[in-house]
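Subject: Structure for your review

Dear colleague,

Please find below the structure that I am handing over to you, with its sequence. My findings follow it.

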Amino acid sequence: MTAILNRSRLDEVTSGDKGLRATLTELYCQTLERCVTELKSIAHGGKNTDAWYNAAHELKGASGNVGAEEMADLCRRMEHAAPESWPEALEELEDATEAVQSAFHMLDE
C-alpha cells in the first residue's frame, strides 16, 4: 500500500529546508488545483483522451516529485482510463485531493 505522503521523498527533494518545502508544496497545490479543474472540464466536455492523458500525466509527475504517492498511483491509472470511467476517476481524485492537502497541512503543524 502506498502512502498519502512519503515524507522521506519530500525531505529528499527539499534537503530538509522548511522554506523550500513550503514553496514546493504551495506550487504543487497550485498544480493540483489546476489539473483537477482541467480534468473535470475535459470529462464534462467530451472524450478528448489526449487532453485527459496530458493532465493526468502532469499531475502524476508533480505528485511523484513531492512524495504524494497515492495521488501519483491514481494518476497513473487515470492516464489510460476509458472515457466512460472518468466520472468514477474524478470521485477518486476528489478524495485523493483532500487527503494530500490534509497531509501537507499537517506538515506545518
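Beyond the residues up to four places away in sequence, Met78 touches Leu39, Trp52, Ala56, Ala89 and Leu93. Please bear in mind that this is a predicted model.

Met78 also belongs to the largest nonpolar core, which has 29 residues. Tyr28, Trp52, Leu59, Met71, Met78, Leu93 and Phe104 are those with the most contacts inside this core. Two or more residues are given to it by each of α2, α3, α4 and α5, and the largest share, nine residues, comes from α5. In soluble globular proteins, nonpolar side chains tend to be buried together.

Leaving aside neighbours within four places in sequence, Thr97 is in contact with Leu32, Val36 and Met71.

Turning to charged residues, the whole structure contains eight salt bridges. Side chains of opposite charge can pair when their charged atoms come close.

- Glu79 and Lys60 form a salt bridge, with an N to O distance of 3.1 Å. This pair links distant parts of the chain, as Glu79 is in helix α4 and Lys60 in helix α3, 19 residues apart. Both Glu79 and Lys60 are buried.
- Arg76 and Asp73 form a salt bridge at 2.5 Å, N to O. They are three residues apart in helix α4, so about one helical turn separates them. Arg76 is partly exposed at 43% relative accessibility, and Asp73 is partly exposed at 23%.
- Asp11 and Arg7 form a salt bridge in which the closest N and O atoms are 3.3 Å apart. Both lie in helix α1, four residues apart, or about one turn of the helix. Asp11 counts as partly exposed at 28% relative accessibility, as does Arg7 at 38%.
- Arg34, Glu38 and Glu58 are joined in a network of salt bridges.

With kind regards

Definitions and conventions. Residues numbered from 1 in each chain as written. Predicted model: local features only at pLDDT ≥ 70, side-chain atom pairs only at ≥ 80, totals over all residues. Heavy atoms only, no water. Contact = heavy atoms within 4.5 Å. Core = buried A, V, L, I, M, F, W, Y, C linked by side-chain atoms within 4.5 Å. Buried < 20%, exposed > 50% of the residue type's maximum accessible area, 1.4 Å probe, protein only. Salt bridge = Lys/Arg side-chain N within 4 Å of Asp/Glu carboxyl O.
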